[in-house]
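Hello,

Here is the structure you asked about. Please open it first, then read the notes below.

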Amino acid sequence: MSKTLKLDSEDAKKFAAKIQERSGEPIDMCFQCGECSSACPVSPEMDLMPSTLVRFTQLGLKDELINAKTIWVCASCFHCVARCPKGIDVAKVAEALRQELLRKKLDYVEVRDLSMEERQEIPQIAIISNLRKFSR
Amino acid sequence: MKIPYFPGCSLKTIGEGFEKSAIASAAVLDIELNELPRWVCCGTVSSLTTDDLMHHLAPVRNLIRVQDLEETQLVTLCSVCYSTLKRSNTLVKNDPEKLKTMNQFMYRESDYQCNVKVLHFLELLREIGFDKIKEKIKKPLRGLTLSPYYGCLLVRPKEFGIDDPETPTILQALTKALGADVIDNPYQLKCCGSYHTVDKPNLVADLGYKILTYARNSGADALVLSCPLCAFNLDNRQREIKRQYPDFVEIPILYFTQLMALAFDLDEERLGFDIHYVDPVPLLKEKQLLIDSLPLIKEK
Amino acid sequence: MEEEAEKEKMVKVYIMGREFEVPATLNIVKAFEYAGYRFVRGIGCRGGYCGACATVYRFKDDYRLNFALACQKAVENNMYLTILPFMPAEKAIYDLNNLKPRGSVLLELYPEIARCVACNTCTKACPQELEVMDYVQAAIRGDIEEVSNLSFDCIQCGLCAMRCPAEIVPYNVGQLARRLYGKYIAPQAMHTHKRVEEIHACVFDEELDNYSLLAKEDVEKLKKIYVEREIKVG
């Protein structure tokens with residue numbers, strides 16, 4: 001299936017700039033070597049590889065990015081930044097993209113949806129970190 | 001040496017054995033770990049966006065509590081707390097504007113002066129020197145083969161890590177000093193799945209399967225680590241791993257401080273083995289590191 | 001004369017934006033009533049105990065929001081006033097008899113406490129001057145006794161919940177902890193149990209009947225018995 005991407009639109013540029021600023025990462029430095037994707041331990045679960053996430057961010061492809069499963073799969077384990085020759089922290093990019101939705105009140109995880117068994121079993125450290133990442 | 005110590009939320013529950021064994025073995029090394037008064041949960045994961053200060057309040061508030069004690073160091077045991085406290089500390093040290101905003105917001109606290117250093121307990125041990133630790137050993141962990149596991153936040157990102165982000169050696173050095181054998185596990189730095197244990201336990205089980213099976217197949221008797229979240233994912237989640245991979249063979253998980261307490265021959269109640277999912281006691285008895293006649297806590 | 005002058009002293013307040021002159025000796029509730037408002041909700045004991053009249057106020061030209069029980073706070077010049085009749089707060093449903101006083105129970109019934117960012121906004125809002133954030137933090141780590149002690153003077157006014165950016169309801173968490181503490185952790189008052197048993201066993205019935213009779217027949221003697229009764233201390 002092919003899809004036409006609108007590049008160079010004003011909105012796309014604005015979105016790219018916004019994510020660059022919010023993440024604080026020099027996204028434009030990425031030259032698509034793919035080290036991050038090969039280092040990522042959870043990439044098999046992702047629809048966009050970490051390197052693609054950065055490329056799409058350069059292009060400001062908002063819809064593709066915020067609808068990507070990838071931003072909810074990233075475990076913020078920092079393998080990507082350890083390997084990146086340009087020192088780009090893709091975990092920060094993913095967080096900046098997640099915040100795009102979380103700040104619009106679109107929670108990914110709702111704490112009240114956890115069953116009583118899960119609440120009894122899962123320790124605080126896991127619940128707190130999960131909510132920090134996945135709820136507003 | 002007395003030093004303020006930050007436990008973090010989970011050391012009071014699932015990480016109880018970590019805390020008990022750390023405090024007891026630190027005492028053997030003449031280190032008094034004093035729990036920081038009125039500490040607040042660090043938030044577990046550091047906020048990664050540039051425009052969010054709210055989530056740095058808790059770590060900085062803890063550092064202010066240290067400053068109020070007129071102390072300059074804060075020791076953590078949990079890798080996650082370590083990383084989060086250190087990241088916020090670095091943020092405010094490098095950004096006086098943000099520090100000012102946060103100080104103003106927390107007007108009931110004294111202003112943070114950025115004079116506190118965040119340390120992981122392993123760093124403190126390295127400072128003391130593993131040779132000195134060796135001197136205190138009463139019962140070397142001979143015959144025990146261990147697979148060190150670092151996970152993520154102890155070593156990455158490198159500005160906030162305690163060792164080389166790609167080839168760390170600190171856990172190997174400690175376990176060897178305690179008399180145990182060490183295997184090389186290429187998964188020692190691979191993520192355990194972290195917070196996905198809440199919403200994607202299957203993914204966590206996949207990752208755990210690889211880490212633990214490699215360790216088992218390479219002859220390790222147990223995994224040694226420093227994080228209660230890794231411990232939950234790699235110990236308690238073995239039930240899910242077994243469900244997903246019927247060939248999986250269980251393997252115990254130990255905190256490095258439990259190994260120290262074991263080697264220092266401290267009371268069994270200081271070890272906190274009673275809350276492990278995979279009971280390490282049979283293994284330790286087999287290796288004659290625990291004496292059979294001692295009643296187990298859970299049997300009391 | 002001086003006393004009269006004091007009585008006459010008026011201050012300017014703004015009730016929901018509208019300016020009024022009210023006597024300086026009034027508390028916020030009475031200032032509202034002086035200005036002609038009538039409370040149907042948002043009012044209770046008027047004595048600082050029930051927590052119904054929680055309110056926020058601000059001074060002209062000050063950005064800071066202040067918090068009080070309206071029945072306990074005297075009006076001051078240039079106060080901007082309102083009343084908060086109700087806090088729509090989350091409350092867990094539980095049967096205390098079926099709960100175990102494990103530390104994790106607070107997090108199980110109120111899992112949103114895991115969202116606390118330790119911003120301390122709740123503490124700043126508490127009219128009882130409780131360390132609200134500290135007890136929410138104690139709740140996260142499962143220290144029921146600490147939550148119970150730190151929240152002991154809570155009157156459930158709702159201001160902490162109203163201010164919490166993480167939408168936590170600290171006062172209900174504290175209440176659960178105090179209930180667990182009271183039922184399962186605090187030492188039981190065995191002398192009270194014993195006395196209740198004695199009452200059920202009709203040990204005091206005869207004595208009481210005698211006193212009832214005296215009340216009808218010889219009140220002075222009853223008074224004498226009362227005054228001279230033996231008081232056990234401790």
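How many residues of domain 1 of chain A are in contact with domain 2 of chain A, and how many residues of domain 2 do they meet? The count is 6 residues of domain 1 of chain A against 5 residues of domain 2 of chain A. Contact here means heavy atoms within 4.5 Å.

Some background. This is a predicted model, where local features need pLDDT of at least 70, side-chain atom pairs count only at pLDDT 80 or more, and totals for chains, interfaces and linings use all residues. Residues are numbered from 1 along each chain as its sequence is written, chains are lettered from A and ligands numbered from 1 in the order in which they are written, and side-chain values use heavy atoms, with hydrogens and water left out.

Now the layout. Chain A splits into domain 1 (10-104) and domain 2 (108-136). The bounds come from an automatic or database domain assignment. The C-alpha centres of the two domains are 24 Å apart.

Next, the interface. The two domains bury about 570 Å² between them, 60% of it on carbon and sulfur atoms. Buried area is the accessible area (1.4 Å probe) that two parts lose on being put together, summed over both.

The rule finds 1 salt bridge across this interface. A salt bridge is a side-chain nitrogen of Lys or Arg within 4 Å of a carboxyl oxygen of Asp or Glu. The side chains of A:Lys133 and A:Glu95 form a salt bridge, at 2.6 Å from N to O.

Best wishes
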